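Please keep the sequence and the model in view while reading.

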Amino acid sequence: SSGINAEWPLRPGIALRGKDGVVFGVEKIITSKLYEEGSNRRVHSIDTHIGAAVAGLLSDARAVINRARDESANYRDTYQVPIPLKSLTERLGKYMHYFTVYGHLRPFGVSILLGTWDETNGPKLMEIDPSGTARGFYGCAVGKGKQNAKTEIEKLDLSNMTCKELVKEVAKVIYSVHDEVKDKHFELELSWIGKETGGTHQIVPQDIFNEAKTYAEEALNDSDDEDTDM
């Protein structure tokens with residue numbers, strides 16, 4: 001478990017639920033100059049109508065994501081409709097909990113954030129932790145700096161904000177909790193699902209991504225300037 005704990009808190013992930021959808025954001029540390037941008041994704045589509053972001057061990061995350069996709073596909077085959085988020089979190093939570101019960105297995109070193117949106121029920125956001133416990137949120141943060149991230153998130157009027165507004169705030173929170181000293185270079189990943197995307201989980205378009213990144217960098221520079229003035 002010490003190996004898991006060493007890796008475990010390193011890379012934050014956050015998700016915010018607004019009035020018209022859910023936005024995911026994650027920080028990926030770049031450890032090599034030879035790194036190819038966009039590899040080792042930490043935001044995923046479980047099905048067209050459900051998005052996910054993960055924090056923790058990447059190999060564990062892949063196993064959990066694949067299980068979630070299998071559950072979603074099985075539900076579709078059986079009932080001929082997309083799986084509701086509540087059913088998916090229940091099934092995935094049970095699966096993750098199973099690994100905490102037996103001595104010959106180890107728990108998954110991963111937390112997963114799941115979000116969806118549809119015209120009838122609006123946005124939904126859930127978090128499953130390594131014990132398999134699932135909770136619903138308006139905004140949540142996992143991984144390193146999650147306490148600071150939660151403090152920032154609590155300042156937002158989430159239920160009155162659109163996805164377009166939230167993309168900027170997600171980027172800002174990721175930048176604000178990033179540890180400049182320990183991890184200099186990082187890649188920001190942003191995805192969303194909502195009215196804007198017609199209920200399909202997608203990577204945020206490049207122009208909106210660039211806008212959000214610039215907004216986050218400027219906000220960070222402003223707060224640094226204030227600290228210097230003090």
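The mean positions of the 28 positive and 36 negative charges of the chain lie 7 Å apart. Here Lys and Arg count as positive and Asp and Glu as negative, while His and the chain ends are not counted; each charge is placed at NZ of Lys, CZ of Arg, CG of Asp or CD of Glu. The model is predicted: local features need pLDDT of at least 70, side-chain atom pairs count only at pLDDT 80 or more, and totals for chains, interfaces and linings use all residues. Residues are numbered from 1 along each chain as its sequence is written, and side-chain values use heavy atoms, with hydrogens and water left out.

The chain contains 6 helices and 10 strands, taken as DSSP runs (helices H or I, at least four residues; strands E, at least two) and numbered from the N terminus. Of the 230 residues, 47% are buried, meaning under 20% relative accessible area with a 1.4 Å probe, protein chains only.

Strand 4 (residues 50-56) has 7 of its 7 residues buried, so the rest of the structure largely encloses it. I50, A52, V54 and G56 cover one side, and G51, A53 and A55 the other, all of them buried.

Two strands pair with strand 4, pairing being assigned if DSSP finds at least two bridges. Strand 3 (residues 43-47) runs antiparallel to strand 4 over 4 bridges, and the two form a hairpin with 2 residues between them; S45 stands opposite G51. Strand 5 (residues 110-118) is also antiparallel to strand 4, joined by 7 bridges, with L113 as the bridge partner of A53.

Key: Buried means under 20% relative accessible area, exposed over 50%, partly exposed in between (1.4 Å probe, protein chains only).
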